[in-house]
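Hi everyone, thanks for coming. I'd like to walk you through one chain today, so please have a look at it first.

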Amino acid sequence: MTNPGRVLQQQIRFCKSVDGVRLAYATAGHGPPLVKASNWMSHLEFDWRSPVWRPFLEGLAARHTIIRYDERGSGLSDWNAPDLSFESWVRDLESVVDVIGLKRFPLLGISQGGPIAIAYAVRHPERVSHLVLYGAYARGRFKRDPTPLQLEEARTLLNLIRIGWGRENPAFRQVFTSLFIPDGTFEQFRWFNELHQVSSSAENAARLAEEFSGIDVTALAPQVRVPTIVLHRRHDAAVPFEEGRLIAGLIPNARFVPLEGRNHLLLGGEPALDQFLAEVDEFLATDSTAAEPEAETGGRPGKRLRLPDLTAREIQVLDLVARGLDNAEIAARLGVSAKTLRNHITSIFSKLNVVSRAQAIVRARDGGLGL
């Protein structure tokens, strides 16, 4: 859980993809990086304030420096991008992590972001330490051997976007809201209906939806060679549970975690959100090289972390130590006991070959933490 006394803030910046399209990206939180691939209907600022995405993002930012970006054609990124292809989405992910200067990092793919993350992990296995897929799919609607009725349903949804996306009356947009968060509250429904218009134009939304309906990474998924966890809701109303099982079966040694519920997105107060965060925490802690960024940090861009053998949790602890927090504050922030925290700090001192907190802070800041 996040510290209720501390208000999390994000920083929004811009970069350009290889074809000149301007992309908006945001960073928030503390600790080792976690990159989130883009997904349909996003707006960095609107999402950050929303009752739908905020609890999920806060949960991640309490543990990591979460890095996310608006895909081309939506949010704060350029809306007039001529190329809205799958290949352009993968190149955009490459551009964002390159401009930030990340060397190696865990990658999160949600929904449409799943196949983007899979493609990136296959192309750059040396840079992805862990692959986390939630509510994702390897095949878009048009590639799931649809029956004539299912194909007509998919085409009808595309027509609903073109016809009703920009109307003041949210009746058409409510169809998509009911698919994504069927068990949401009235406030969450209202916000998600508004997100449609804020995130993209009707034309862009339809072009994006048509493109990701034709995605097929079933040939790429078996080539993934990084540790992978696949999480999926049993009764997901937007992406069938079987699509999550398919991904887990295609990726070698992938771990599959079923989550209860119907919502495509993880909402605050849902047990599934707590389970997701706990599963991801455990998964990312399995590799001592889970995060070794060459990140742009406070005036020392491109500084490489030189923190050998530290686990992901130890990097989190060291980052908070370097920020000046005392043991009680760090334990509360991470939700661990005082004894567990002392054990982490003892291990960190041993691995860094230091004997004092001051020496540890110097090493941490030299490595780009605590800034």
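Let me begin with a question: over residues 288-305, where pLDDT stays under 50, how many contacts beyond four places in sequence does the model have? The model has 59 such contacts for residues 288-305, where contact means heavy atoms within 4.5 Å and pLDDT is the predictor's confidence in each residue, from 0 to 100. Residues 1-6 also stay under 50 in pLDDT, and for them the model has 9 contacts beyond four places in sequence.

A word on the ground rules. This is a predicted model, in which local features need pLDDT of at least 70 and side-chain atom pairs count only at pLDDT 80 or more, while totals for chains, interfaces and linings use all residues. Residues are numbered from 1 along each chain as its sequence is written, and side-chain values use heavy atoms, leaving out hydrogens and water.

Now the overall picture. Mean pLDDT for the chain is 88, with 92% of its residues reaching 70 or more. You can find 14 helices and 10 strands in the chain; these are DSSP runs numbered from the N terminus, helices being H or I with at least four residues and strands E with at least two. The radius of gyration is 21 Å, close to the 21 Å that the globule rule gives for 371 residues, so the chain is as compact as a globular protein of that length. That radius is taken over C-alpha atoms, and the rule is 2.2 Å times the number of residues to the power 0.38. The C-alpha trace spans about 70 × 40 × 35 Å along its principal axes. Among contacts between residues at least 6 apart in sequence, 73% join residues at least 24 apart.

What about the inside? Of the 371 residues, 57% count as buried, meaning under 20% relative accessible area, with exposed being over 50% and partly exposed in between (1.4 Å probe, protein chains only). The largest nonpolar core has 93 residues, and Trp-40, Phe-56, Leu-131 and Phe-276 have the most contacts inside it. By nonpolar core I mean a set of buried Ala, Val, Leu, Ile, Met, Phe, Trp, Tyr and Cys residues joined through side-chain atoms within 4.5 Å. A second, separate core of 21 residues includes Leu-325, Ala-331, Ile-345 and Phe-349.

Let's zoom in on Ser-17, in the loop between β1 (10-16) and β2 (22-29). Is Ser-17 buried or exposed? Ser-17 counts as buried because its relative accessibility is 5%. Its side chain makes a polar contact of 2.6 Å with that of Asp-92. (A polar contact is a pair of N or O atoms within 3.5 Å; within protein, one must be able to donate a hydrogen and the other to accept it, and residues adjacent in sequence count only if both atoms are side-chain atoms.) Beyond four places in sequence, Ser-17 also has Arg-72 and Arg-91 among its contacts.

Most residues other than glycine have a negative phi. Asp-145, however, has a positive phi of about 50 degrees; Asp-145 sits in the loop between β6 (128-134) and α5 and is exposed, at 66% relative accessible area. Asn-353 has a positive phi too, near 60 degrees. Asn-353 is in the loop between α13 (338-352) and α14 (357-366), and its relative accessible area of 70% makes it exposed.
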